[in-house]
Amino acid sequence: MTTLVWFRDDLRLADHPALHAALDRGGPVLGLYVLDEESPGVRPLGGAARWWLHHSLASLAERLRERGSQLVLRRGPAADVVPEVAAAAGADAVVWNRRYGGPEREVDAAVKESLRGAGVDARSYAGNLLFEPWTVSTGQGGHYKVFTPFWRACLEQPPPRAPLPEPGRVPGPVRYPETDALADWGLLPTAPDWAGGLREAWEPGEPAARRRLREFLAADADAYDRARDAPAAGTTSLLSPRLRWGELSPHTVWREAVASGRSVGGFLSEIGWREFAWHTLFHFPALADDNLNARFDAFPWPPLDAEHLRLWQQGRTGVPLVDAGMRELWATGTMHNRVRMVVASYLVKNLLIDWRHGEQWFWDTLVDADAASNPFNWQWVAGSGADAAPYFRVFNPETQAKKFDPERRYIQRWAPEYVAGDAPVPEPLVDLGASRRRALDAYDVVKAAA
Ligand code: FAD
């Protein structure tokens, strides 16, 4: 009666439906995490994500040990590794929470088939989204392409279930299959160790995630609607990497937010955007590669200016808010949402660099980089995505800075030379007005192709 729990983007013990089901079976339970960089189509993790994963796995392994079980670590294609570990553990059941990306679903289907072929029970559960993608559809049976009716349809469903309790004890088996050593996976950067800023900014793992949720609801939630767009205000939840790695389930966030008695409608609708991004990826698995709106396939991208791309990555474009944002990203693995929109718009429209280059950089540098939200939001900014910003609404980074960082506190923090005026500042790469007109001319080609 041994059950193997295959952990993926759900590195927690509380509200973990698969773990809960494993414990309900009554026998010994052990955990498995597979670092799968070989299955076709599964996107290798970026550098900042690998850093987070290392620490979050260390935390999960310790928490399982404290409760009586262990986390087995293995590297390789999951379709081979999971059945192998199940056999080595003598498990008669393997359970997991579902994933929603195309290649991941294929891997999971192959694992299920191979386990069942070997007489092992294999079951998947809903743990990482509030609403399963196939349960939300338009009157005509299609999927939503616009957020407001999507979210309305979600809210008309039965409310998200109550979170499942965190188990006090997880009884382990007598013997465990062999495990890799986490340190041998090389997830942490060495030569050079660029993660100093990440260590300062974050404490990965479920206990810190729970603390941050409580702190946000107690201290910041009331100011959220008013100040969420101000990058220096620090009133957003900073829960995105917690949700990305599943250290918190969206159900826990939802229930605690509602129970807090604060005015959380605006915050919860941002959780709704997360759902919308994942539902979009479920229906359009090529989200990171292909324009959701195929009309944009005609967009006349000029040949890549690699120097402009590099200066944007380094935060040396000569535009204060853009440079501040790109430096915040490099230092901390995150960037405020408003600034993400501004730097993305600047890259795609003012520099006329294909959104895929920006998406790839964010993929590599964000601790919350996820397969749905990242390409979804890049396409939103680029105009080719779901419910996208109309192409002609080109953000002006100077106006955005005046409006959302009027005292220049954010710019002062990340790109101080623009405020102090005592050191040379980078020359602007392009003229904002002329580059905006060039973008609109390029867009005319898309319009003509319609
Ligand atoms: P809060 O404002 O406190 O929001 C609460 C939660 O809602 C977030 O933690 C997040 O899970 C979700 N959320 C909020 N806004 C969005 C959104 N627009 N799309 C999807 N979910 C949202 N978010 C990611 O989680 N991963 C990404 O890889 C990612 N890439 C982005 C790329 C670009 C170009 C842009 C413009 C946005 C991107 N976002 C991404 C969305 C958003 O910027 C972050 O979720 C947000 O800044 C995280 O900060 P927070 O947790 O304090 O958010």
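Me: Where is Pro192 found?

Reply: Pro192 sits in the loop between helix 5 (147–155) and helix 6 (196–201). The model is a predicted one.

Me: What makes the peptide bond between Ala191 and Pro192 a cis bond?

Reply: The omega angle of the bond joining Ala191 and Pro192 is about 0°, and the bond is cis.

Me: Why is Leu352 called partly exposed?

Reply: Leu352 has 19 C-beta neighbours inside 10 Å. A buried residue needs 20 or more and an exposed one has 12 or fewer, so Leu352 falls in between and counts as partly exposed. Leu352 belongs to the loop between helix 13 and helix 14 (355–365). Its phi is near 50°, which is a positive value in a residue other than glycine.

Me: Why does Asp387 count as partly exposed?

Reply: Its count is 16 C-beta neighbours inside 10 Å. That value lies between the limits of 12 and 20, so Asp387 is partly exposed. For Asp387 too, phi is near 50°, a positive value in a residue other than glycine. The loop that holds Asp387 runs between helix 15 and helix 16 (397–404).

Me: Is Gly358 buried or exposed, and how do you know?

Reply: There are 25 C-beta neighbours inside 10 Å of Gly358. The cut-off for buried is 20 or more, so Gly358 is buried. Gly358 is part of helix 14. Leaving aside neighbours within four places in sequence, its contacts are Ala344, Leu347, Val348, Ile353 and Trp378. Between Gly358 and Leu213 there are 145 residues of separation in sequence and 30 Å in space, C-alpha to C-alpha.

Me: Why is strand 1 (residues 2–7) described as largely enclosed by the rest of the structure?

Reply: Of its 6 residues, 5 are buried, so strand 1 is largely enclosed by the rest of the structure.

Me: How do you know which strands pair with strand 1?

Reply: Pairing requires at least two bridges. Strand 1 and strand 4 (residues 91–97) have 4 bridges and run parallel, and strand 1 and strand 2 (residues 29–35) have 5, also in the parallel sense. Both counts reach the limit, so both are pairs. Individual bridges include Thr2 with Ala91 in strand 4 and Phe7 with Tyr33 in strand 2.

Me: What does the UniProt annotation say about residues 1–130?

Reply: The unreviewed UniProt entry annotates residues 1–130 as "domain: Photolyase/cryptochrome alpha/beta". In the model, residues 1–130 are 44% helix and 23% strand, with the end C-alpha atoms 30 Å apart.

Me: Which residues touch the most other members of the largest nonpolar core?

Reply: They are Leu4, Val5, Leu32, Val82 and Val94, in a core of 104 residues. Helix 2 (residues 47–66) gives the largest share of this core, 9 residues. A second, separate core has 14 residues, among them Phe216, Ala257, Val264 and Ile271.

Me: Which residues are in contact with Leu4, leaving aside neighbours within four places in sequence?

Reply: Leu4 is in contact with Leu30, Leu32, Val85, Ala86, Ala89, Ala91 and Val94. Contact here means C-beta atoms within 7 Å.

Me: What surrounds the ligand?

Reply: The ligand is surrounded by 27 residues, and the closest are Thr236, Ser237, Ser240, Asn374 and Asn377. By class, this shell has 13 nonpolar, 7 polar and 7 charged residues. Helix 8 (240–244), helix 10 (265–283), helix 13 (337–350) and helix 15 (373–382) each supply at least two residues of the shell.

Methods: Residues numbered from 1 in each chain as written. Predicted model: local features only at pLDDT ≥ 70, side-chain atom pairs only at ≥ 80, totals over all residues. Near = placed C-beta within 6 Å. Nonpolar A, V, L, I, M, F, W, Y, C, P; charged D, E, K, R; others polar. UniProt positions renumbered as here; feature names shortened; annotations may be inferred. Core = buried A, V, L, I, M, F, W, Y, C linked by C-beta atoms within 7 Å. Contact = placed C-beta atoms within 7 Å.
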